[in-house]
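Trainee: Could you take me through one part of this model slowly, and tell me what I should keep in mind about confidence while I look?

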Amino acid sequence: SRRQPLLEHTRTVGIPQCEPGELRFPVQWVLRGDDGRSYAGRLGSGELRPGDEVVALPSGASARVVAVETFDGPLEAALAGKKTIYGFRGDVMGKL
């Protein structure tokens, strides 16, 4: 059988079930700028707000959310299902 191309797989891969409110954010793009890194993708579950502390799994590295944005501008919070860009200080990705 023929395997699915990686790009198509990233568009259709399921996100594992988690506890209600638990953060799941599969990163689709990493954006690097002079003032740090931002991560873009669709929030799978939970919500993120500027000031939230998050942790990357499985490394355990932590970071603080400094911005939540879309191409239309900044948001006070991002909810599951919304395509967004997150700016972080530190390394990252699950909510502490």
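Mentor: Let us begin with confidence, since this is a predicted model: among the elements of the chain, strand E8 (residues 83-90) has the lowest mean pLDDT, at 69, whereas strand E3 (residues 47-48) has the highest, at 87. For the chain as a whole the mean pLDDT is 76, and 80% of the residues reach 70 or more. Where pLDDT is low, the predicted coordinates should not be read in detail.

With that in mind, turn to the largest nonpolar core, which has 11 residues, including Leu48, Val54 and Tyr86. Strand E5, which covers residues 62-70, gives the most to this core, contributing three residues. In soluble globular proteins, nonpolar side chains tend to be buried together.

If you now follow the chain beyond E5, you come to Asp72, which lies in the loop between E5 and strand E6 (73-74). Asp72 counts as exposed because its relative accessible area is 79%, and the cut-off for that word is over 50%. Asp72 and Thr84 are 12 residues apart along the chain, and their C-alpha atoms are separated by 9.9 Å.

Finally, look at strands E1 (residues 29-33) and E2 (residues 36-42), which pair in the antiparallel sense over five bridges. A hairpin of two residues joins E1 to E2, and within this pairing Trp29 has Ala40, in E2, as its bridge partner.

Note on methods: Residues numbered from 1 in each chain as written. Heavy atoms only, no water. Pairing = 2+ DSSP bridges. Helix = DSSP H or I, 4+ residues; strand = E, 2+ residues; numbered from the N terminus. Core = buried A, V, L, I, M, F, W, Y, C linked by side-chain atoms within 4.5 Å. Buried < 20%, exposed > 50% of the residue type's maximum accessible area, 1.4 Å probe, protein only. pLDDT = per-residue confidence, 0-100.
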